Amino acid sequence: MHPTMRWFGPNDPVSLSDIRQAGCAGVVTALHQVPVGDVWSAEAIRERKALVHSAGMTWTVVESLPVSDDIKRQRGEWQQHIANYKGSLHNLAA
């Protein structure tokens with residue numbers, strides 16, 4: 001078992017230190033600062049992993065990669081958002 005806790009990123013009032021002190025070995029998180037529909041860059045993913053790792057924990061589970069309302073309703077920039085979503089999945093897989 002790998003005890004984890006949901007963490008909302010650097011602006012979360014619960015710090016990584018608090019989570020570690022509670023006995024967790026990792027966090028379940030997402031890139032909450034990236035607007036829905038934009039690409040999660042490989043660099044932003046690496047930065048988040050490094051931040052979690054520097055606190056002595058792991059990030060092995062993504063809380064969610066949100067699907068934009070434009071995709072759900074097939075309006076606006078929905079086709080670009082699909083391409084961006086695929087790019088985010090590719091960057092996460094790497």
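**Figure 1. Burial and overall layout of the protein chain.** Of the 94 residues in the protein chain, 31% are buried, where buried means under 20% relative accessible area, exposed means over 50%, and partly exposed lies in between, with a 1.4 Å probe and protein chains only. This is a predicted model, in which local features need pLDDT of at least 70 and side-chain atom pairs count only at pLDDT 80 or more, while totals for chains, interfaces and linings use all residues. Residues are numbered from 1 along each chain as its sequence is written, and side-chain values use heavy atoms, with hydrogens and water left out. The protein chain has 4 helices and 3 strands, arranged along the sequence as β-α-β-α-β-α-α; helices (H or I, at least four residues) and strands (E, at least two) are DSSP runs, numbered from the N terminus. Taken along the principal axes, the C-alpha atoms fill a box of roughly 45 × 25 × 25 Å.

**Figure 2. The largest nonpolar core and Val27.** A nonpolar core is a set of buried Ala, Val, Leu, Ile, Met, Phe, Trp, Tyr and Cys residues joined through side-chain atoms within 4.5 Å. The largest such core has 15 residues, of which Val27, Leu31, Trp40 and Val52 touch the most other members. Both α1 (16-21) and α2 supply at least two residues of this core, and α2 gives the most, with 3 residues. Not counting residues up to four places away in sequence, Val27 touches Thr4, Met5, Trp7, Leu16, Ile19, Val52, Met57, Thr58, Trp59, Thr60 and Val61, a contact being heavy atoms within 4.5 Å.

**Figure 3. The largest pocket.** On a 1 Å grid over the protein atoms alone, a pocket is an open set of points where a 1.4 Å probe fits, with protein on both sides within 12 Å along at least five of seven lines, and its lining residues have an atom within 4 Å of a point. Grid points are joined across faces, edges and corners, and a volume is the space filled by probe spheres set on the points. The largest pocket has a volume of about 210 Å³, and its lining includes Ile45, Arg46, Lys49, Trp59 and Asn91. Two or more lining residues come from each of α2 (42-54), β3 (58-62) and α4 (78-93). By class, this lining has 7 nonpolar, 2 polar and 2 charged residues, with Ala, Val, Leu, Ile, Met, Phe, Trp, Tyr, Cys and Pro counted as nonpolar, Asp, Glu, Lys and Arg as charged, and the others, Gly among them, as polar.

**Figure 4. The second largest pocket.** This pocket has a volume of about 160 Å³, and among the 19 residues that line the second largest pocket, Val34, Val36, Trp40, Leu65 and Pro66 are the closest to its centre. Helix α4 gives the most to this lining, with 4 residues, and the lining as a whole divides into 10 nonpolar, 7 polar and 2 charged residues.

Figure 5. His81 lies in helix α4 and counts as buried because its relative accessibility is 14%. Leaving aside neighbours within four places in sequence, His81 is in contact with Val36, Gly37, Ser68, Asp70 and Ile71. Gln74, placed in the loop between α3 (69-73) and α4, is exposed, with a relative accessible area of 54%. The phi of Gln74 is near 50°, a positive value in a residue other than glycine. Most residues other than glycine have a negative phi.
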